[in-house]
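Please walk through this structure step by step.

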Amino acid sequence: MHALDSALLNDFQRDFPLVPRPFAAIGARLGATEAEVIARYRVLTAAGMVSRIGVVFRPNAAGASTLAALAVPARRLEAVAAFVSAQPEVNHNYEREHRFNLWFVLTAASQAALAQAIRRIERATGLAVLSLALEEEYHIDLGFDLRTLAAPRAAARPRAKVPEGDRPLMAAIERGIPLVPEPFEAIGRAAGMSETAVRATLERWLASGAARRFGVVVRHRNLGFAANAMVVWDVPDAEADEAGARLARAHGVTLAYRRARRLPEWPYNLFCMLHGRDREAVRARIGELRQEAGLAAMPHEILFSRRCFKQRGAWYATTAEAAHG
């Protein structure tokens with residue numbers, strides 16, 4: 001990969017310049033012009049390497065979300081996956097190696113809207129949705145160094161909610177900023193705000209912990225990280241937080257969190273994700289993690305992803321607005 005493209009993908013996943021002309025600021029750092037930076041981001045987006053440049057919110061900082069799964073008969077997988085992906089509340093949808101073979105994330109404007117989306121999927125597919133609510137996050141970011149696989153660990157921050165008054169900006173920016181010289185001015189016009197107010201609100205979201213980061217959101221699979229595994233453990237509740245904290249600090253772990261069990265179908269409560277280029281290397285790292293995190297004796301399963309049916313940022317507008325967006 002060209003050095004400029006590598007830097008554009010890797011170095012601005014967080015700490016993206018919140019200035020009136022951010023692409024000019026990036027160009028100044030990389031020895032490129034503003035026009036070159038915008039042109040390359042457009043190429044990288046068209047090539048499927050960049051999902052968007054935008055906000056990554058803390059889970060449930062606005063609206064409601066859940067990780068869900070279906071056990072889909074193999075002959076129906078394509079059709080069911082297509083239906084699930086078509087739902088506006090679904091932002092990620094993957095096939096994984098397990099009896100529960102279709103895993104997706106739903107985000108909606110409220111718990112009621114989230115429950116409605118789950119019922120809609122169940123009615124249409126005739127399958128029971130396994131909904132696993134988030135109980136504790138140890139590390140959720142989805143930004144990591146593409147060269148070293150190191151995922152930066154931010155210091156503990158407040159866990160603020162996004163105020164209702166910020167909804168117009170959330171709706172305007174949820175699909176990312178436009179690739180134009182003054183993107184925050186364009187976002188402000190859509191949200192009925194000044195450019196200065198847009199940047200101030202973004203800075204407030206980051207400072208409050210409502211937003212995890214603002215920057216380039218890459219599509220890892222399209223960048224060669226296809227050996228991605230979700231590892232789940234059945235850990236005694238009294239030990240889960242300590243083990244989760246150890247996982248969050250471990251090299252190579254890109255996500256770590258605790259979710260509700262759903263007995264008897266799903267006994268696991270501790271989750272982590274590893275992204276890699278080589279399946280056996282990822283499996284070997286999981287073996288090391290079991291020792292490092294004190295999980296060697298805990299029942300666990302490894303769910304490698306097979307296919308990505310959908311990947312985009314969460315939409316926090318109402319379902320109707322999202323469906324017609």
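**A pair at the sheet's edge**

In strand S5, Ala69 has Leu130 as its bridge partner. Helices (H or I, at least four residues) and strands (E, at least two) are DSSP runs, numbered from the N terminus. This is a predicted model, in which local features need pLDDT of at least 70, side-chain atom pairs count only at pLDDT 80 or more, and totals for chains, interfaces and linings use all residues. Residues are numbered from 1 along each chain as its sequence is written, and side-chain values use heavy atoms, with hydrogens and water left out.

Strand S2 (residues 64-70) pairs with S5 over three bridges, in the antiparallel sense. Two strands pair if DSSP finds at least two bridges between them. Strands of a sheet pair through backbone hydrogen bonds, either parallel or antiparallel.

Now take the whole sheet. It is open and has nine strands, in the order S5-S2-S4-S3-S11-S8-S10-S9-S6, with antiparallel pairing. Which strands stand at the edges? They are S5 (130-132) and S6 (134-140). Each has a single partner strand, so one side of each is left without a neighbour in the sheet. From one strand to the next, the twist averages 25°.

Two helices pack on this sheet. Helix H9 (residues 237-249) touches S6, strand S8 (229-233), strand S9 (253-259) and strand S10 (270-274). Contact here means heavy atoms within 4.5 Å. The direction of H9 makes about 25° with that of S6. Axes are lines fitted to C-alpha atoms, for helices over the stretch in contact, and angles run from 0 to 180 degrees between N-to-C directions. Helix H10 (residues 279-292) touches S8, S9, S10 and S11. The direction of H10 makes about 135° with that of S11.

Look next at S9. Seven of its seven residues are buried, so S9 is largely enclosed by the rest of the structure. Buried means under 20% relative accessible area, exposed over 50%, partly exposed in between (1.4 Å probe, protein chains only). S9 pairs with S6 over five antiparallel bridges. There, Leu134 stands opposite Arg259 of S9. Five bridges also join S9 to S10, again antiparallel. Val253 stands opposite Leu274 in S10.

The aromatic rings come next. The whole structure holds ten aromatic pairs. One of them joins Trp266 and Tyr268, edge-to-face, at 5.0 Å centre to centre and 75° between the planes. Rings of Phe, Tyr and Trp (its six-membered ring) pair if their centres lie within 6.5 Å; planes under 30 degrees apart count as stacked, over 60 as edge-to-face and the rest as tilted. Both Trp266 and Tyr268 are buried.

The charged end of Arg277 sits over the ring of Phe225, 4.1 Å from its centre (the cut-offs: NZ of Lys or CZ of Arg within 6 Å of the ring centre and within 35 degrees of the ring normal). Arg279 lies over the face of Phe304, at 4.1 Å from the ring centre.

Finally, two single residues. Ser305 lies in strand S11 (residues 300-311). Is Ser305 buried or exposed? It counts as buried, because its relative accessibility is 8%. Leu9, in helix H1 (residues 3-10), is also buried, with a relative accessible area of 1%. Leu9 and Leu44 are 35 residues apart in sequence and 8.5 Å apart in space, C-alpha to C-alpha.
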